[in-house]
Amino acid sequence: MKTALITGGARGIGLATAKGLVEMGWKVAILDRDVEALETAGQEVETVTQIAADVSRPEDVARAVAEITEDFGRLDGLVNNAGVADFGPIRETTFERWRRVMETNLDGPFLMTQAFTDLLAADGGGAVVNITSISGLRASTLRVAYGTSKAALAQLTLQQAAELGEIGIRVNAVAPGPVATKLAMAVHSPEIIAAYHDALPLNRYGKEEEIASAINFLLSDKASFITGQILAADGGFEATGIGLPALRADAAKE
Ligand code: NAD
């Protein structure tokens with residue numbers, strides 16, 4: 001049976017990914033630092049293994065390796081999904097706020113993938129999916145820490161793919177567009193929500209399950225020759241430049 005570990009798996013995109021993998025017949029562990037959310041998720045998906053840990057703490061990461069080794073004895077998929085968002089102007093982004101974003105969004109995927117490399121390499125090699133963001137593909141105001149952390153994670157994905165391919169590990173990333181999770185709703189004001197609708201060809205927010213299916217495709221053997229790619233699951237945001245709302249308004253008049 002295939003096995004996977006999903007960080008930040010207690011809610012949102014991570015939990016949807018876990019549910020999708022369970023449906024695909026995989027044995028799944030979710031890791032999260034929010035113990036209460038972890039327990040609720042465990043009640044929702046009874047078969048899931050829970051690991052209370054913080055991806056930015058090397059000692060927690062080492063304990064997660066020990067727990068997965070004991071419980072699963074192997075690992076086929078690792079999803080580095082745990083993330084935090086903090087939107088603020090450059091002059092108000094203190095070093096503490098910058099570090100808080102970097103330690104989860106960038107240090108976490110570095111530490112986790114490094115620590116799980118041996119387990120992933122065993123049995124012919126597994127797959128890693130890093131969750132970046134459209135904010136890492138395009139710059140925007142207020143995202144100095146968040147956007148930079150996600151752009152760096154995209155480059156980390158390429159570095160990991162280049163080096164770990166040799167031992168059979170595929171590494172890809174999914175860059176989600178806006179999804180109405182707890183993380184997004186904490187930083188998306190009504191104005192930002194309206195602006196996203198305007199800027200997206202599909203004219204709506206995505207659903208957790210729509211991001212999960214892209215992640216789970218990249219984890220699966222269906223993607224066996226794909227590595228080093230950043231797949232945007234973003235309603236078309238990345239594909240378009242300025243002018244979409246104006247063109248839509250013109251088309252509506254005709
Ligand atoms: P969410 O807040 O619902 O879930 C994130 C989970 O990660 C939470 O359960 C949280 O407790 C956990 N977490 C945070 N820091 C952690 C740490 N250091 N160690 C362990 N667990 C930690 O958010 P979500 O929207 O489901 O986000 C999942 C990922 O998708 C994030 O990386 C986020 O940046 C990315 N993303 C989200 C959106 C969106 O619009 N929701 C868009 C682009 C990218």
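This is a predicted model: local features need pLDDT of at least 70, side-chain atom pairs count only at pLDDT 80 or more; totals for chains, interfaces and linings use all residues.
Asn-80 belongs to strand E4, which covers residues 77-80. With a relative accessible area of 2%, Asn-80 is buried. A polar contact of 2.9 Å links the side chain of Asn-80 to the side chain of Asn-130. Neighbours within four places in sequence aside, the residues in contact with Asn-80 are Thr-7, Pro-109, Met-112, Thr-113, Val-128, Val-129, Asn-130 and Ile-131.

Strand E4 also takes part in covering helix H8. The buried residues of H8 are covered by elements that include helix H1 (12-23), E4, strand E5 (127-131), strand E6 (170-176) and strand E7 (230-233). Within H8, the residues Ile-211, Ala-212, Ala-214, Ile-215, Asn-216, Leu-218 and Leu-219 are buried.

On the side of H7 the contact is made by His-197, Asp-198 and Ala-199, and on the side of H9 by Leu-244, Pro-245 and Arg-248.

Salt bridges form a further theme. In the whole structure, 16 salt bridges are found. One of them joins the side chains of Glu-59 and Arg-57, with an N to O distance of 3.1 Å. Both partners are partly exposed: the relative accessibility is 47% for Glu-59 and 39% for Arg-57. Another salt bridge, also listed at 3.1 Å from N to O, connects the side chains of Glu-67 and Arg-63. These two residues lie in helix H3 (residues 58-71) and are four residues apart, about one turn of the helix. An α-helix has 3.6 residues a turn, so residues three or four places apart point the same way. Glu-67 is partly exposed, at a relative accessible area of 26%, and Arg-63 is likewise partly exposed, at 34%.

The side chains of Arg-74 and Asp-76 form a salt bridge as well, with 2.7 Å between N and O. Arg-74 is partly exposed, with a relative accessible area of 26%, whereas Asp-76 counts as buried at 8% relative accessibility. Elsewhere, salt bridges with shared partners unite Arg-57, Glu-59, Asp-60, Arg-63 and Glu-67 in one network.

Asp-76 is located in the loop between H3 and E4. Besides its salt bridge with Arg-74, the side chain of Asp-76 reaches the backbone nitrogen of Thr-3 at 2.8 Å. When neighbours within four places in sequence are set aside, Asp-76 is in contact with Met-1, Lys-2, Thr-3, Trp-26, Leu-120, Gly-126 and Ala-127.

Three further loop positions were examined. Gly-9 occupies the loop between strand E1 (3-7) and H1. Its relative accessibility is 0%, and Gly-9 therefore counts as buried. Apart from neighbours within four places in sequence, Gly-9 is in contact with Gly-14, Leu-15, Ile-30, Leu-31 and Asp-32. Gly-9 and Arg-33 are separated by 24 residues in sequence, and their C-alpha atoms are 9.6 Å apart in space.

Asp-123 is part of the loop between helix H4 (95-121) and E5. Although Asp-123 is not a glycine, it has a positive phi of about 60 degrees. At 58% relative accessibility, Asp-123 is classed as exposed. A positive phi of about 60 degrees is also found for Asn-203, again not a glycine. Asn-203 sits in the loop between H7 and H8, and its relative accessibility of 38% makes Asn-203 partly exposed.

How values were computed: Residues are numbered from 1 along each chain as its sequence is written. Side-chain values use heavy atoms; hydrogens and water are left out. Buried means under 20% relative accessible area, exposed over 50%, partly exposed in between (1.4 Å probe, protein chains only). A polar contact is a pair of N or O atoms within 3.5 Å; within protein, one must be able to donate a hydrogen and the other to accept it, and residues adjacent in sequence count only if both atoms are side-chain atoms. Contact means heavy atoms within 4.5 Å. A salt bridge is a side-chain nitrogen of Lys or Arg within 4 Å of a carboxyl oxygen of Asp or Glu.
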